[in-house]
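Subject: Structure handover and notes

Hello,

The structure is below, with its sequence. My notes come after it.

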Amino acid sequence: MIGKGSVRKAAESTAWSPVRTLSGWGVRSGHAYTAGFASIGFTLVSWLMSRGNDDSKPQADRWGLFIGEWAPTFFALGIALKQEEG
């Protein structure tokens, strides 16, 4: 049976961690949270602008949904970076 300690040791010995790399580049959790909130605003603006054009309603909805998927990604990245900082 594999214990928590051996799993943690194996995880720490992994050569590459994307979150650790981002943290090493100076990206902090606050940056990711800010990007998440900005993407929420950008989603609304994009959706409204797309609705104002002659595009169809489904096309406007697709743009809103496409950009709307960024926010949860940035928030999850912010949580991972916060754990890396602590």
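What follows is an account of the fold, the helices and a few individual residues.

This is a predicted model, in which local features need pLDDT of at least 70 and side-chain atom pairs count only at pLDDT 80 or more, while totals for chains, interfaces and linings use all residues. Residues are numbered from 1 along each chain as its sequence is written, and side-chain values use heavy atoms, with hydrogens and water left out.

Overall fold

The chain has 5 helices and 0 strands, where helices (H or I, at least four residues) and strands (E, at least two) are DSSP runs numbered from the N terminus. Along the sequence the pattern reads α-α-α-α-α. Of the 86 residues in the chain, 16% are buried; buried means under 20% relative accessible area, exposed over 50%, and partly exposed in between (1.4 Å probe, protein chains only). Among contacts (heavy atoms within 4.5 Å) with a separation of 6 or more, 78% are between residues 24 or more positions apart.

Helix α4 covers residues 57-68, and its 12 residues should span 16 Å at 1.5 Å a residue; the end C-alpha atoms are 16 Å apart, which agrees. The expected span is 1.5 Å times one less than the number of residues in the helix. The buried residues of α4 are Ala60, Gly64 and Ile67. Viewed down the axis of α4, these buried residues fall within an arc of 75°, so they line one face of the helix. The arc is that of the directions from the helix axis to the C-beta atoms.

The same check works for α5: its 16 residues should span 22 Å at 1.5 Å a residue, and its end C-alpha atoms are 22 Å apart, which agrees. In α5 the buried residues are Ala71, Gly78 and Leu81. They cover an arc of only 85° around the axis, which puts them on the same side of α5. Thr73 and Gln83 are exposed residues on the face of α5 turned away from its buried side.

α4 and α5 pack at an angle of about 5°, with their axes 5 Å apart. Axes here are lines fitted to C-alpha atoms, for helices over the stretch in contact, and angles run from 0 to 180 degrees between N-to-C directions. The two helices, α4 and α5, are therefore roughly parallel to each other; angles under 35 degrees count as roughly parallel, over 145 as roughly antiparallel, 65 to 115 as roughly perpendicular and the rest as oblique. The contact is made by Phe66, Ile67 and Gly68 of α4 and by Trp70, Ala71 and Pro72 of α5.

The salt bridge

How many salt bridges does a search of the whole structure find? The search finds 1 salt bridge, defined as a side-chain nitrogen of Lys or Arg within 4 Å of a carboxyl oxygen of Asp or Glu. Arginine 20 forms a salt bridge with glutamate 84, and the closest N and O atoms are 3.3 Å apart. The pair links distant parts of the chain, 64 residues apart: arginine 20 is in helix α2 (residues 18-24) and glutamate 84 in helix α5 (residues 70-85). Arginine 20 counts as partly exposed at 44% relative accessibility, and glutamate 84 counts as partly exposed at 30%.

Leaving aside neighbours within four places in sequence, serine 23 is in contact with Arg28, Leu81 and Glu84.

Leucine 77 is found in helix α5 and counts as partly exposed at 27% relative accessibility. Again leaving aside neighbours within four places in sequence, leucine 77 is in contact with Leu22 and Ala32. Leucine 77 and arginine 28 are 49 residues apart in sequence, with 9.5 Å between them in space, C-alpha to C-alpha.

A residue in α3

Serine 50 lies in helix α3 (residues 29-52) and is buried, with a relative accessible area of 5%. Serine 50 and arginine 62 are 12 residues apart in sequence and 9.7 Å apart in space, C-alpha to C-alpha.

Regards
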